[in-house]
Structures are given as structure tokens and as C-alpha cells.
Amino acid sequence: MELVTADGSLVRADATTNSELLWALRGGGGNFGVVTALEFALYDIETAYAGMMLWDISEAETVLRRWGAWTVDAPDEVTTSFRILHMPPLPELPPFLRGRSVVVIDGAVLGSDEAAVEILAPLRELNPELDTFGRVPASALTRLHMDPEGPTPAVSDSVMLAELPEEAMAAFLAAVGDRSSTSLMIGELRQLGGALRRPHPGGGVVSKLDGAFLAFGCGIAMTPEMGMRAQADALQLTGALTEWASGSAYLNFCETEVDPSTGYTALAWQQLKGIRSAVDPDGVFAANHVIPRLYEDGSPSR
């Protein structure tokens with residue numbers, strides 16, 4: 001990376017020059033400077049076996065139980081998300097989705113068609129109403145999750161889970177499974193674990209995610225009142241799952257102020273504070289998740 005630091009210097013950070021700064025930048029947020037250039041390697045992946053499966057909301061418990069058990073032994077080659085979607089009655093939506101509540105599993109498999117079919121077989125046994133999984137170009141993966149491509153007024157909350165036992169599944173469904181009792185449009189569980197839970201050699205300060213799942217609730221905030229209700233419902237969802245939380249936060253999904261130290265190990269947090277103090281001693285930069293500077297006596301300062 002190249003970046004402009006607090007004193008106006010243009011600095012290069014790579015594996016041999018300013019390597020500690022490069023380590024901090026890879027997961028430490030905007031606490032260290034303004035990044036002006038990136039160099040990165042690409043993986044030679046032209047296609048993937050990817051898509052989505054869809055069921056009616058009445059199948060939510062059955063599908064979640066199967067998916068939760070399936071993720072335990074799923075190989076590193078596959079990643080998926082389980083989602084409950086309460087679709088609004090908008091004319092832009094296909095008629096079969098308009099105003100409807102559905103269950104969706106979407107994801108991707110890196111491997112041959114034969115291997116992917118075998119991996120996904122336990123999910124397909126549940127006879128989804130819609131199944132779009134198939135061979136697609138890598139460029140199609142950016143639209144796999146069907147997120148709106150334009151700005152959307154929304155509020156959310158999230159929590160990293162260490163496990164997903166049956167009690168956690170029941171709590172998740174109780175919070176988001178019935179659209180009459182929640183304003184959330186999306187209740188989501190993202191499959192982590194596998195390679196995401198193992199430290200990457202030579203990685204940055206965030207080289208793994210300390211959790212098996214990420215739970216996420218999101219609601220539309222077209223008005224302040226809608227935003228307040230959706231925020232309360234998102235907090236209700238994550239609060240209902242606190243018992244199974246890993247204790248680590250995924251800061252990219254934190255839209256409200258949290259203790260940023262929960263995104264790192266204790267040792268990494270101390271190292272980040274030292275690097276911040278060295279490159280921005282006067283606190284010029286104000287990141288979304290602030291890493292404090294250190295006074296000479298070791299006390300933190302913002």
C-alpha cells in the first residue's frame with residue numbers, strides 16, 4: 001500500500017518496508033493515513049458453481065436445521081448464507097416474491113460441477129422451490145447476494161456466534177421468522193468457520209474471523225420512525241443470540257459505536273495502539289472505529 005500519513009508524507013508499506021504498518025492497515029481501518037494506492041494478487045478463478053435456493057417461509061425451521069447441521073462438516077470449498085427475507089410489496093419485484101416471506105440459501109462452491117453437486121446434495125434434498133446453482137463467471141459473484149446496488153436507507157446490527165445449537169436456531173427464528181412481529185426485512189446467518197477461522201500466514205491484523213457464524217438483521221429506514229423500529233428489532237435479534245456469541249466483533253458490520261478492541265486479540269490491540277501513536281501522534285485521523293493513541297505513560301487517548 002501507499003498512503004499519506006498525518007505529517008503529509010507519502011509512505012510505502014510492503015512485506016519488507018514498513019511491514020508493521022502494512023500489517024496494521026490490513027484490518028485496522030482508517031486510523032493510520034489516507035491510502036492512495038494498492039497492489040494485490042488475484043486468484044486464478046474464472047468460474048464458480050454458485051447460486052441460490054429458495055423455499056417458502058413455512059419451511060424455515062426445517063431448512064435452518066438441515067443447513068446448520070450441514071455447515072459443521074462442509075468443506076472449505078463452499079461458503080453459504082441462510083436468510084429469511086420479508087419482501088415488501090414493490091412492483092419492481094417479481095410477482096412470486098412481491099410481499100412474500102421466503103427462506104434463501106445462497107453461496108458458491110470452488111470445485112468441479114460433480115463435486116459441487118455432491119456438496120450441495122443435502123440441501124437440495126429439501127426440494128427448494130427455486131434453485132439457480134450452476135456454473136457462473138466469477139464476475140457474477142458480486143451480485144449473488146442480491147443486495148441493492150444503489151444507496152438504500154437501512155439500519156442493522158450483527159453478532160458473531162461461536163456455535164449454532166438448536167436453541168440458537170429457535171431464538172433466531174423467534175426473532176425474525178414472523179413478519180407480523182418484526183420490521184426487519186432481512187434476518188441472516190453467514191457461514192464462517194473453515195478457512196475463515198484459521199490464521200492466514202503473512203496476513204494482517206485481521207487474518208481470521210473468530211466465529212462459526214455471523215448473525216445479521218437489517219431493516220429499511222425510509223423515515224426516522226421506521227429506522228427507530230428497525231434498529232430496535234435488529235438489537236432484539238442480536239440480543240436474543242448473546243448466549244452463543246463468540247465475544248469477538250466483525251467491525252465491518254458494526255453500524256453503531258462499539259468497543260473496537262473486540263475486533264482484535266489483546267496483543268494485536270496493544271500493537272495497533274503503538275503503531276497509531278507512531279504514525280499519527282496528534283490524532284489527525286478519525287476512523288469509524290477509533291484505535292486510541294498512547295501517552296508516554298501508556299494511558300490511551302483519543
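**Exercise 1. In which sense do strand β1 (residues 2-4) and β2 pair, and over how many bridges?**

Solution. The model is a predicted one, in which local features need pLDDT of at least 70 and side-chain atom pairs count only at pLDDT 80 or more, while totals for chains, interfaces and linings use all residues. Residues are numbered from 1 along each chain as its sequence is written, and side-chain values use heavy atoms, with hydrogens and water left out.

Helices (H or I, at least four residues) and strands (E, at least two) are taken as DSSP runs, numbered from the N terminus, and two strands pair if DSSP finds at least two bridges between them. On that basis β1 and β2 pair in the antiparallel sense over 3 bridges, with Leu3 standing opposite Val11 in β2.

**Exercise 2. Determine which strands pair with β4, and name a bridge partner in each.**

Solution. Begin with strand β4 (residues 47-56) itself, where 8 of the 10 residues are buried (buried means under 20% relative accessible area, exposed over 50%, and partly exposed in between, with a 1.4 Å probe and protein chains only). Then take the partners in turn:

- Strand β6 (residues 101-109) is joined to β4 by 8 bridges and runs antiparallel to it; in β6, Val102 is the bridge partner of Asp56.
- Strand β8 (residues 134-137) pairs with β4 in the antiparallel sense over 4 bridges, and Pro137 in β8 is the bridge partner of Thr47.
- Strand β7 is joined to β4 by 2 bridges, again antiparallel, and here Asp131 is the bridge partner of Met53.

**Exercise 3. Work out how the buried residues of α2 are arranged, and follow Trp67 into the core.**

Solution. Helix α2 (residues 60-72) has 13 residues and reaches 19 Å from its first C-alpha to its last, close to the 18 Å expected at 1.5 Å a residue (the expected span is 1.5 Å times one less than the number of residues). Its buried residues are Ala60, Val63, Leu64, Trp67, Gly68, Trp70 and Thr71. Seen down the axis of α2, these fall within an arc of 165 degrees, so they line one face of the helix; the arc is that of the directions from the helix axis to the C-beta atoms.

Trp67 is one of the residues with the most contacts inside the largest nonpolar core, which has 40 residues, the others named being Phe82, Phe172 and Leu241 (such a core is a set of buried Ala, Val, Leu, Ile, Met, Phe, Trp, Tyr and Cys residues joined through side-chain atoms within 4.5 Å). Helix α4 (residues 166-176) supplies the largest share of this core, 7 residues.

**Exercise 4. Which phi values do Asn18 and Asn127 have, and where are these residues found?**

Solution. Asn18, although not a glycine, has a positive phi of about 50 degrees and is found in the loop between β2 and α1 (19-25), where a relative accessible area of 37% makes Asn18 partly exposed. Asn127, also not a glycine, has a positive phi of about 55 degrees and is found in the loop between α3 (113-124) and β7 (130-131); at 62% relative accessibility, Asn127 counts as exposed.
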